[in-house]
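Please keep the sequence and the model in view while reading.

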Amino acid sequence: MQLEGKRILLTGAAGGIGALLAEALTQRGARVALVDRNAEALESIRKGLGGKAEAIPADLLDTPRLGEVVERARRALGGLDLLINVAGLLSFRPLDEEDPVVLERIIRLNLTTPLLLTREALPHLRESGGRVVNIGSTFGAIGFAWFAAYSASKFGLRGFSEALRRELEGSGVGVTYIAPRAVRTKLNTGAIYRMSEAVGMNMDEPEWVVEQIVEAIDRDAKDRYLGFPEKLFVRINALLPRLVDLALRKQNRVMEPFAREV
Ligand SMILES: NC(=O)c1ccc[n+]([C@@H]2O[C@H](COP(=O)([O-])OP(=O)(O)OC[C@H]3O[C@@H](n4cnc5c(N)ncnc54)[C@H](OP(=O)(O)O)[C@@H]3O)[C@@H](O)[C@H]2O)c1
């Protein structure tokens with residue numbers, strides 16, 4: 001998709017990946033409706049984008065308001081060509097120590113919210129021949145110990161993206177699913193950074209991830225798994241999951257004390 005002149009609803013626009021993505025998209029001539037829950041941060045990002053963006057502060061867990069968010073973006077931009085679902089939450093804890101409220105929020109923000117926003121945006125995307133872009137994770141194809149709720153949410157988002165892509169075939173609306181490996185943003189807590197160091201987990205800079213997202217949109221890609229060897233492990237896990245069980249066994253035990261940090 002040519003980004004010049006495109007009208008984009010972007011969630012998570014005040015986050016590590018979202019704010020840089022907003023900048024990259026406006027630099028390419030797109031106009032962006034920035035959605036996030038921190039109104040002040042959003043406003044300062046909007047100001048930095050030189051009149052090519054609108055700020056729509058909203059709590060994306062406020063389900064009844066999601067239709068209004070899409071409608072505000074559509075009115076502000078005069079239509080919609082792209083919905084990019086970036087907003088996300090994670091937790092790194094043993095499941096039996098997980099706060100049930102946090103668990104439910106992760107599933108709702110990472111999975112239910114993109115489903116509902118897409119449902120609301122679809123009539124406008126059909127009109128423009130647009131695209132839905134969902135930001136998943138390597139953890140959406142390889143279930144990771146101590147990230148049960150997050151892995152479940154991203155597996156769900158991947159399934160949603162695949163089903164919708166097949167459902168919309170021939171409609172003129174495309175679906176792109178992008179799965180980064182770990183990225184250096186504030187989504188990751190101190191315990192996650194310490195754990196990553198201990199197990200040698202690869203972490204990408206958000207600038208590089210944003211370049212990959214823009215390139216995937218440019219090429220109307222169906223899906224993208226970012227980083228080697230993670231993209232290979234995704235394929236091995238799909239074919240030979242018992243092999244990956246074995247490969248991760250030792251690492252899981254090294255990760256455990258970090259997941260139990262309070
Ligand atoms: N960072 C990684 O390692 C990594 C790896 C793979 C995939 N991803 C995915 O990439 C996406 C972006 O992550 P990121 O690294 O940019 O994280 P981030 O910096 O934490 O950005 C996420 C944004 O979503 C916002 N948000 C959280 N709850 C919200 C709510 N209820 N309503 C509206 N906005 C809300 C956050 O606001 P607050 O700051 O107020 O919470 C934040 O601005 C996520 O879907 C994540 O799962 C990230």
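## A residue in helix H1

Thr 26 is found in helix H1, which spans residues 16–27. Helices (H or I, at least four residues) and strands (E, at least two) are DSSP runs, numbered from the N terminus. Thr 26 is buried, with a relative accessible area of 4%; buried means under 20%, exposed over 50% and partly exposed in between, for a 1.4 Å probe and protein chains only. Apart from its neighbours within four places in sequence, Thr 26 is in contact (heavy atoms within 4.5 Å) with Val 32, Leu 49 and Lys 52.

## Basis of the values

The model is predicted: local features need pLDDT of at least 70 and side-chain atom pairs count only at pLDDT 80 or more, while totals for chains, interfaces and linings use all residues. Residues are numbered from 1 along each chain as its sequence is written, and side-chain values use heavy atoms, leaving out hydrogens and water.

## Packing of H4 and H5

Two packed helices are described by the angle between their axes and the distance between the axes. The axes of helix H4 (residues 100–128) and helix H5 (residues 148–167) come within 7 Å and cross at roughly 15°. Such axes are lines fitted to C-alpha atoms, for helices over the stretch in contact, with angles from 0 to 180 degrees between N-to-C directions. The crossing angle makes H4 roughly parallel to H5, a term for angles under 35 degrees.

Residues of H4 including Leu 103, Ile 107 and Leu 122 meet residues of H5, among them Ala 149, Tyr 150 and Leu 164. By class, this contact of H4 with H5 has 13 nonpolar, 4 polar and 1 charged residues. Here Ala, Val, Leu, Ile, Met, Phe, Trp, Tyr, Cys and Pro count as nonpolar, Asp, Glu, Lys and Arg as charged, and the others, Gly among them, as polar.

## Aromatic pairs

The whole structure holds 5 aromatic pairs. Rings of Phe, Tyr and Trp (its six-membered ring) pair if their centres lie within 6.5 Å; planes under 30 degrees apart count as stacked, over 60 as edge-to-face and the rest as tilted. Phe 139 and Phe 144 are stacked, at 4.2 Å centre to centre with 10° between the planes, and both are buried.

The rings of Phe 139 and Tyr 150 have centres 6.1 Å apart and planes at 75°, so this pair is edge-to-face. Phe 139 lies in the loop between strand S5 (131–135) and H5, and Tyr 150 in helix H5, so the pair ties together parts that are 11 residues apart in sequence. Tyr 150 is buried, with a relative accessible area of 8%.

Technical notes. Angles under 35 degrees count as roughly parallel, over 145 as roughly antiparallel, 65 to 115 as roughly perpendicular and the rest as oblique.
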